[in-house]
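Trainee: Could you walk me through reading a structure like this one? I would like to learn how to judge a residue's surroundings.

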Amino acid sequence: MNIEDFRTYCLSFEGVQEKMPFEKATSEYDRNLLVFCVADKWFCFVNIDVFDFCNIKCKPEQIAELQYRYEGVKPGYHMNKKHWISVYFARDVPDKTIKELVKQSYDLVVATLSAKEKETLRAR
């Protein structure tokens, strides 16, 4: 998988927008983070230059199992470790599994949206 395929996949979900909110960060790495969100709530972010891992929301009860199963699943970079994981691309996590986890992250965020926000998604 490469950044363009990954970006296309993330943007394929209903109501997803992308942004690069860290233009003033002191770290070049952080300035190059591309964030995917739905109704202004993040579900994934990735560095567009390095493309080493993505950060995604995850069910808390699933995190320990994923970290046990895959060397490429780590606690979420700069995020709440109870709800976020970092999934490394060039390690042992299959692309199919990464895509499933990204979709699950999107679904977790959508589930927290109000009825009005969900309705707005469908109207786009």
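**Reading buried residues and cysteines**

Mentor: Happy to! C58 counts as buried because its relative accessibility is 3%, and buried means under 20%. Keep in mind that this is a predicted model.

Trainee: How many disulfides does a search of the whole structure find?

Mentor: The search finds zero. C10, too, is in no disulfide: its nearest cysteine sulfur belongs to C44, 4.3 Å away. C10 has 0% relative accessibility, so this cysteine is buried as well.

Trainee: Now for N47: is it buried or exposed?

Mentor: Buried, because its relative accessibility is 1%. N47 sits in strand β3, which covers residues 41–47.

Trainee: What does the side chain of N47 reach?

Mentor: The backbone nitrogen of V50, at 2.7 Å. Leaving aside residues up to four places away in sequence, N47 touches Y29, N32, L33, D52 and F53.

Trainee: And how do I read a helix, say α4: which of its residues are buried?

Mentor: Check the span, then the accessibility. Helix α4 runs over residues 95–111, and its 17 residues reach 24 Å from first C-alpha to last, close to the 24 Å expected at 1.5 Å a residue. Its buried residues include T97, I98, L101, V102 and Y106.

Methods
Residues are numbered from 1 along each chain as its sequence is written. This is a predicted model: local features need pLDDT of at least 70, side-chain atom pairs count only at pLDDT 80 or more; totals for chains, interfaces and linings use all residues. Side-chain values use heavy atoms; hydrogens and water are left out. Helices (H or I, at least four residues) and strands (E, at least two) are DSSP runs, numbered from the N terminus. Buried means under 20% relative accessible area, exposed over 50%, partly exposed in between (1.4 Å probe, protein chains only). A polar contact is a pair of N or O atoms within 3.5 Å; within protein, one must be able to donate a hydrogen and the other to accept it, and residues adjacent in sequence count only if both atoms are side-chain atoms. Contact means heavy atoms within 4.5 Å. The expected span of a helix is 1.5 Å times one less than its number of residues. A disulfide is a pair of cysteine sulfur atoms within 2.5 Å.
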